[in-house]
Structure formats: structure tokens, C-alpha cells
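Here is a walk through one protein model, from strands to rings. Have the coordinates open as you read.

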Amino acid sequence: MRCFSISQADDGKWSTVSTPLLPTSLPEWAWERADVRQALRSRDVGAVFRYVQQYSGASQARIAAAVGMTQARVNEIINRRREVSRLDVYERIADGLNMPDDARHLLGLAAGRERRSGGAAFDLAAFPEVVRVYSAQASAREEIQQQVQGAAELDILAVRGLGLIGLNDSMLRAHLGRDGRLRVRVLLLDPEAPALALRAAEIGESAESLAGGVRLAEARLRELSGICDVEVYRYAMLPTWRLIRADSTLFVGAFDAGWEGHESATYKVMETPHGPLFRGFRRMFEAVVRGAQRTV
């Protein structure tokens with residue numbers, strides 16, 4: 001990438017000079033800060049750009065030139081009016097900001113050496129099933145709703161599912177259709193299982209409150225029996241993956257200590273003839289169903 005400047009020579013004539021534009025870079029210590037690492041982990045590019053401004057002094061124009069965007073686009077991202085979801089754009093940002101390998105890994109990308117050699121252990125672009133990446137479930141809300149509206153099957157693996165389907169204003173409840181043809185299976189964490197107390201502690205909530213949320217979700221899901229073919233199951237393991245499958249489209253997030261599933265980055269995964277991700281997650285869902293207790 002090059003930038004252009006105009007200079008005046010001794011004879012009074014003006015000329016345009018082309019010079020190479022180097023990537024914008026943070027000091028090494030900045031990439032190790034907890035706030036920067038959290039922004040990378042959650043794929044919050046707006047926050048990353050703000051930290052680049054704060055810790056390197058780079059202007060929006062300088063960041064835009066480094067990552068191959070317009071200044072207006074960088075401004076929109078910084079002010080949360082636009083989000084990044086394409087993997088190739090994440091790669092361009094990582095290259096333009098000269099990210100070290102551990103920062104690239106937090107962002108879900110291959111290390112620079114791995115990418116150049118073809119051994120992309122972290123390079124999600126190597127999986128054509130992953131078609132979009134969202135910083136959190138809220139960013140994928142409309143896309144998920146559209147997929148569910150035309151689906152014949154809906155599978156959900158959650159903890160209590162109130163934000164997804166259990167309440168009147170949940171993300172999916174109003175999008176299930178009214179003709180009774182949609183088959184819905186929902187897996188919820190067993191309120192009697194020891195794993196529920198562990199999960200409650202992870203998110204700073206009482207086990208009683210979390211268990212009450214699961215039972216409320218079951219009661220509300222029972223009300224859907226006249227709208228769709230609904231099955232509800234309780235599983236007993238500590239949850240890791242949060243899944244929403246609408247036919248051949250899967251949205252995947254993760255549960256971890258300190259955040260709930262809807263706060264996780266969300267990956268849109270499409271079924272392909274030989275792709276391992278969609279098949280693997282669906283196989284896992286079916287295995288959990290087989291070992292779960294049906295309550296609705």
C-alpha cells in the first residue's frame with residue numbers, strides 16, 4: 001500500500017511523491033492488555049480501533065489506510081454503526097494493524113507463519129461452511145429470525161432459553177409460524193443437575209435463580225404445543241456450545257466462565273457435502289438428546 005504527498009521543488013514546481021505506507025502497529029505491551037485482549041476475543045473491531053487510536057496515536061485516516069478501508073467506514077465501525085463479519089476483512093485488519101500471532105489467535109485467525117505456510121490451525125476461512133461471523137448474538141438477530149421463519153426444523157441447545165424462545169419478546173418466539181408444521185426441539189440445562197450450580201457460579205447468579213429460569217422456560221414452551229411440534233429436554237452436562245439450527249443453517253456460540261451464550265461471538269455455519277463443522281455439531285446435538293430427559 002502506498003500514500004501520496006505533494007511537495008514543492010527548488011524551481012517552484014509542485015510534484016506528487018509516492019511513498020510506501022507501513023502498517024499501523026501498537027506497542028507490544030498494548031496487545032497484552034486485558035482490555036485489548038477482550039476486544040479481540042469478542043471480535044469487537046470498533047473497540048480494537050479505539051485502542052489503536054489510544055495506544056498508538058493513529059488517526060482514523062491512518063487506520064483506514066492501513067486496513068484498506070475508507071475513513072468513513074472506520075468511523076462507522078468505531079461508533080458502532082457498522083460491524084465486521086467477513087473473515088477476509090478480519091484478515092486485512094490483522095495484517096494492517098501488524099497483529100502478533102497471539103492477538104490473531106484471539107481474533108480467531110491463523111498466525112502469520114501458519115497462514116503463509118498453509119497450516120492454518122486457527123484460520124476459519126479454511127472452512128467454507130463458516131459464511132459469517134458476528135461479534136455477538138444480537139448482531140445476528142435478524143439473520144437468525146429470517147432463517148427460522150422459513151424452516152421446517154428448529155433445534156436449540158441453550159441453558160435456559162428465555163432470551164431465545166421462552167418469553168413473548170424472545171428472539172424467536174414470534175417467528176415460529178402458526179401452522180403447526182415446524183418441529184422444535186429445545187435442550188435446557190437440568191435444574192436438578194450439579195452442572196447447573198457450576199454454571200450459575202460462572203455467571204455470578206444463584207443456582208436457585210438459574211433453576212427457576214429453566215422451569216419457567218419449560219412452562220412457557222409447553223404453551224407452544226398448539227403452534228408447533230415442540231419437544232423439550234433436560235441435559236445434565238456443563239454446557240459448552242450454544243446452538244441454533246434452522247434446517248441446514250447453524251448458528252454457533254459458546255458458554256464460558258464470565259459470559260452468557262448470547263454474549264459470545266456467533267458463527268453462521270452452512271451445511272456442505274463434506275464439511276465437518278455442521279455435521280459434527282448436529283451429531284453432538286443428537287447425542288445430547290439421546291442422553292437427555294424429555295419434559296415436554
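## Strand β4 and its partners

β4 and β5 run parallel and share 5 bridges. Strands here count as paired if DSSP finds at least two bridges between them, while the elements themselves are DSSP runs numbered from the N terminus: helices are H or I with at least four residues, strands are E with at least two. Across that pairing, Asp155 stands opposite Arg185 in β5. With β7, β4 pairs in the antiparallel sense through 4 bridges, and the bridge partner of Ile156 in β7 is Ile244.

A word on ground rules: this is a predicted model, with residues numbered from 1 along each chain as its sequence is written. Local features need pLDDT of at least 70, side-chain atom pairs count only at pLDDT 80 or more, totals for chains, interfaces and linings use all residues, and side-chain values use heavy atoms, with hydrogens and water left out.

How much of β4 is buried? The count is 4 of its 5 residues, so β4 is largely enclosed by the rest of the structure. Buried means under 20% relative accessible area, exposed means over 50%, and partly exposed is in between, using a 1.4 Å probe and protein chains only.

## Ile156 up close

Ile156 sits in strand β4 (residues 153–157) and counts as buried, at 0% relative accessibility. Not counting residues up to four places away in sequence, Ile156 touches Leu164, Ile165, Leu172, Arg185, Val186, Leu187, Leu243 and Phe285; contact means heavy atoms within 4.5 Å. Take Phe285 from that list: Ile156 and Phe285 are 129 residues apart along the chain, yet their C-alpha atoms are separated by 8.8 Å.

## The sheet and the overall fold

Zooming out, the open sheet has 8 strands in the order β3-β9-β8-β7-β4-β5-β6-β10, with mixed pairing. Its edge strands, each pairing on one side only, are β3 (130–134) and β10 (293–294). At the β3 end, 4 bridges join this strand to β9 (residues 266–270) in an antiparallel arrangement, and Val133 has Tyr267 as its bridge partner in β9.

The protein's secondary structure comes to 13 helices and 10 strands. Of the 296 residues, 47% are buried. Take the contacts between residues at least 6 apart in sequence, and 64% of them join residues at least 24 apart.

Helix α12 lies across β5 (183–189) and β6 (229–235), running at about 165° to β5. Axes are lines fitted to C-alpha atoms, for helices over the stretch in contact, and angles run from 0 to 180 degrees between N-to-C directions.

Arg220 belongs to this helix, which spans residues 207–222. Is Arg220 buried or exposed? Arg220 is buried, with a relative accessible area of 17%. Leaving aside neighbours within four places in sequence, Arg220 is in contact with Gly166, Leu167, Asn168 and Arg173.

## The nonpolar core

In soluble globular proteins, nonpolar side chains tend to be buried together. The largest nonpolar core here has 87 residues, and those with the most contacts inside it are Phe49, Ile93, Met99 and Leu154. Such a core is a set of buried Ala, Val, Leu, Ile, Met, Phe, Trp, Tyr and Cys residues joined through side-chain atoms within 4.5 Å. Helix α3 supplies the largest share of this core, 7 residues.

Ile93 is in contact with Val45, Phe49, Val67, Met69, Val84 and Met99, once its neighbours within four places in sequence are set aside.

## Aromatic rings

How many aromatic pairs does a search of the whole structure find? It finds 3. Tyr51 and Tyr55 form a stacked pair, because their ring centres are 5.9 Å apart and their planes are at 15°. The rings considered are those of Phe, Tyr and Trp (its six-membered ring), and they pair if their centres lie within 6.5 Å; planes under 30 degrees apart count as stacked, over 60 as edge-to-face and the rest as tilted. Tyr51 and Tyr55 are 4 residues apart in helix α3 (residues 45–56), so about one helical turn separates them. Both Tyr51 and Tyr55 are buried.

Trp241 and Phe281 make an edge-to-face pair, because their ring centres are 5.1 Å apart and their planes are at 80°. This pair links distant parts of the chain, 40 residues apart: Trp241 is in strand β7 (residues 241–246) and Phe281 in helix α13 (residues 276–290). Trp241 counts as partly exposed at 35% relative accessibility, whereas Phe281 is buried at 12%. Ring pairs also link Trp29, Tyr51 and Tyr55 into a cluster.
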